[in-house]
Amino acid sequence: MSDVNRDQVRQIIEAIGGQENIDSATHCVTRLRFVLHDDSKVDKKKLEAIDIVKGSFANSGQYQVVIGQGLVDKVYKVLAEETGIQEVSKDDVKNAAAKKMNPVQRTVKLLADIFIPILPAIVTAGLLLGLNNVLTVEGLFGSESLVAMYPQWADLAGVISIIASAAFNFLPALIGWSAVKRFGGNPLMGIVLGLVLVHPGLLSAYDYPDAVREGTVPTWNLFGLTVESIGYQGQVLPVLFAAYLYSLIEKFLNRKVHDSIKLLVVAPVSLLVTSLAAFIAIGPLTFAAGTALADGVIWIFNNFGWLGGLIYGGVYGILVITGMHHTFLPVDLQLISSNINGTFLWPILALSNIAQGSAAFAVFALTFFAKKQDEKLKGLASSSGISAWLGVTEPALFGVNLRFRFPFICALIGSAIAGLLLGTNFVLANSIGVGGVPGIISIQKEFWLIFSIGMAIVIIVPFVLTLLYGLLVKKGKLDD
């Protein structure tokens, strides 16, 4: 690393309050992650004026400095040399940051820690389901579907459908792995626990409503109790609570059982007790709670869809800043497995991402009107706008829009208007996919026109509002 960059690293240390303000530090693929003793000592304006810094923000007890892929490794190495800090893991930094959180923040962090690791599988499944939609829906490229017009593609579509639906059909196994790992248990047994809850020998959760109406729900007699023999396909809450119980039992037995017989006792007893508890109590109670949650959200959007869409579209960007947007992923998954077979929250999320990108593009346009050309901002605004349109909003959000504030507000306005449109028309997505322009393939076919109009709104409104405000109110001056 050059001496110039070493000087810039020193400037970063100074801007975040000096070496004495650093509790611990690590880095991810693109960002330095600090736990600071006092976040108020950060000079944000000075920090973001440094050439190698693309943005900064505080979130979940950490102060994160966006550097960029590849370069962040070199910057962290010099940071360690300059400060003498020992490299720690991301988990260590997260644990240190958690001490600074209130109960709500800790709950949000818990959900994020569980669901973020499985998000790639969910997004991949959503994209492949969208591709399957393109191949199988009627009226897209003609009166018939593509597989009807070109039968040689039918088997390919069938294979894609199997691959895409696997993550949703075995969702409890994914959640079980991540949740048990987060709670301190053996993640492999978390997978087994999740698979127990979707075993093919159980009545599928998808068939349960029909079986109730027909009076054909299979049951067991366990300890004199009549227990329904049903699975929990697509469900979130049953496996979450079961994973927590499993981890408690496993950790207790690991402390009490002698090493010589742990293999024969710990996992078998933990899994048996947890599975029985899941079928007898945890499953039925949380299944009812999850159904009630989904029904409540559906009722709100059925009766006040315009209001729900307006609010969700208008506040989603704010939720991203706080990290609370992670709490809606379980709701999306619950809605997908409900009787409406889709989610009306995720389409609004997808448009919110596009809105942030459009506002960033407007800032890029404004740089050409500035007396002093800011090449760094110009490059960041254009690249982060593209990133947001492809579903990753953090560079645009933290590096551009929040920095100047008015682009962020204009993006929220555009997203709120589009959310109102989507909420009024109860637009549904078949699955969770990439939240941006490619997201349209995850939208149910009958809503493509409305969603496209929503896309036009979040492309045009934030861009025009940001540009007009920048030219007429800010007079082309992009001062922080």
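**A friendly note on this predicted model**

1. Start with E81, which is partly exposed, with a relative accessible area of 46%. Here buried means under 20% relative accessible area, exposed over 50%, and partly exposed in between (1.4 Å probe, protein chains only). This is a predicted model, where local features need pLDDT of at least 70 and side-chain atom pairs count only at pLDDT 80 or more, while totals for chains, interfaces and linings use all residues. Residues are numbered from 1 along each chain as its sequence is written, and side-chain values use heavy atoms, with hydrogens and water left out.

2. Which side chain meets E81 in a salt bridge? The partner is R6, at 2.9 Å from N to O. A salt bridge is a side-chain nitrogen of Lys or Arg within 4 Å of a carboxyl oxygen of Asp or Glu. This pair links distant parts of the chain, with R6 in helix 1 (residues 3-15) and E81 in helix 3 (residues 71-83), 75 residues apart. Helices (H or I, at least four residues) and strands (E, at least two) are DSSP runs, numbered from the N terminus. R6 is partly exposed, with a relative accessible area of 22%.

3. The structure holds nine salt bridges. Another one joins R182 and D113 (3.1 Å, N to O). R182 lies in helix 9 (residues 171-182) and D113 in helix 5 (residues 103-115), 69 residues apart. Is D113 buried or exposed? At 17% relative accessibility, D113 counts as buried, whereas R182, at 32%, counts as partly exposed.

4. K262 and D259 also meet through their side chains in a salt bridge (3.1 Å, N to O). D259 counts as exposed at 60% relative accessibility, while K262 is partly exposed at 23%.

5. Now look at the sheet: four strands form an open sheet in the order 1-2-4-3, with antiparallel pairing. Strand 1 (22-27) and strand 3 (55-59) stand at the edges with a single partner strand each, so one side of each is left without a neighbour in the sheet. Strand 3 pairs with strand 4 (residues 62-66) in the antiparallel sense over five bridges; two strands pair if DSSP finds at least two bridges between them. You can find S56 opposite V65 in strand 4.

6. Finally, visit helix 18 (residues 406-424). Its 19 residues reach 27 Å from the first C-alpha to the last, close to the 27 Å expected at 1.5 Å a residue. That expected span is 1.5 Å times one less than the number of residues. After helix 18 comes F426, whose phi is positive, near 50°.
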